[in-house]
Amino acid sequence: MSILLEACVGCYEEAKRAEMLGADRIELCDNLEEGGTTPSYGTIYLAKKNINIPISVIIRPRGGNFVYSNDEFEIMKKDIIICKELGVETVVFGILNKNNTIDIDRTRELVDLAQGLKVTFHMAFDEIYDKFKALEQLISIGVDRVLTKGGKDCAEEGKVVLKEIVEKSKGKVIILVGGKVTYKNYKTLSEFIGCKEVHGSKIVGDLN
């Protein structure tokens, strides 16, 4: 079974190197030490111009939790519009309520705004207690992909839960497995979990 390799990168140069090393898709971020925030317009523009594999852009106005103010939500909407204008393939975001459930209304609004692009709900998913209910909610909203490490510190620790999530998804949404997934362990993990896509900053090697 062919496994799609999504390289999580923190700058334009890392994106170029990931493509050279064989990545199938890029998740383009800034500030990876904070879990990733939205890269600059110029970074997205140049990556789209010079990189020949699909690009996902994280839509996250700051590090920290995934409960956003009204102004932060407006920033996210504007950044999605910019990504549409620049022609990226996918936008990546996650919005929660204070009790760590999915903010249904805002998530639906962003999915609708992103129409024409694919949507990945990112590792905010791992903060949610009832992951199977959340999975059904995201499927009903129309999310294309869920990035998760199974609610644990890494995919290796969460692999049993990840296997369940893949089975529960029934092919209605793609489960993108991340969390310390590297070029050294992705084959073993994906075989156990049954996933078809994996994600990591070292998924095709060391990008530094």
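# Pockets, bridges and a barrel

Modeller: The lining of the largest pocket splits into 8 nonpolar, 8 polar and 7 charged residues. This is a predicted model, where local features need pLDDT of at least 70 and side-chain atom pairs count only at pLDDT 80 or more, while totals for chains, interfaces and linings use all residues. Residues are numbered from 1 along each chain as its sequence is written, and side-chain values use heavy atoms, with hydrogens and water left out.

Colleague: What makes a lining residue nonpolar, polar or charged?

Modeller: Just its residue type: Ala, Val, Leu, Ile, Met, Phe, Trp, Tyr, Cys and Pro are nonpolar, Asp, Glu, Lys and Arg are charged, and the others, Gly among them, are polar.

Colleague: Which elements supply at least two residues each to the lining of the second largest pocket?

Modeller: Helix H6 (159-169) and strand S7 (174-177). Both names come from DSSP runs numbered from the N terminus (helices are H or I with at least four residues, strands are E with at least two). The lining includes Val166, Ile174 and Glu197.

Colleague: Why is the contact between Glu197 and Arg25 called a salt bridge?

Modeller: A salt bridge needs a side-chain nitrogen of Lys or Arg within 4 Å of a carboxyl oxygen of Asp or Glu. The closest N and O atoms of Glu197 and Arg25 are 2.8 Å apart, so the pair qualifies. Glu197 sits in strand S8 (residues 197-200) and Arg25 in strand S2 (residues 25-28), 172 residues apart, so distant parts of the chain are linked. The structure holds 10 salt bridges.

Colleague: Why are Glu197 and Arg25 called buried?

Modeller: Buried means under 20% relative accessible area, exposed means over 50%, and partly exposed is in between (1.4 Å probe, protein chains only). Glu197 has 8% and Arg25 has 3%, so both count as buried.

Colleague: How do you class Glu72 and Arg62?

Modeller: Glu72 is buried at 18%, whereas Arg62 is partly exposed at 23%. Their side chains meet in a salt bridge at 2.6 Å, N to O.

Colleague: What about the pair Glu167 and Lys163?

Modeller: The closest N and O atoms are 4.0 Å apart, and the pair counts as a salt bridge. The two residues are 4 apart in helix H6, about one helical turn. Lys163 is partly exposed at 31%. Elsewhere, salt bridges that share partners join Glu6, Arg25, Arg145 and Glu197 into one network.

Colleague: What makes S1 and S8 a pair?

Modeller: Two strands pair if DSSP finds at least two bridges between them. Strand S1 (residues 4-9) and S8 have 4 bridges in the parallel sense, so they pass. Within S8, Glu6 has His199 as its bridge partner, and Ala7 has Gly200. S1 and S2 also pair in the parallel sense over 4 bridges, with Glu6 standing opposite Arg25.

Colleague: In what order do the strands close into a barrel?

Modeller: There are 8 strands, in the order S1-S2-S3-S4-S5-S6-S7-S8, with parallel pairing. Neighbouring strands are turned by 25° against each other on average, direction ignored; axes are lines fitted to C-alpha atoms, for helices over the stretch in contact, and angles run from 0 to 180 degrees between N-to-C directions.

Colleague: Why is S1 described as largely enclosed?

Modeller: Because 5 of its 6 residues are buried. Cys8 is in S1, and at 9% Cys8 counts as buried.

Key
On a 1 Å grid over the protein atoms alone, a cavity is a set of points where a 1.4 Å probe fits but cannot get out, and a pocket is an open set with protein on both sides within 12 Å along at least five of seven lines; lining residues have an atom within 4 Å of a point.
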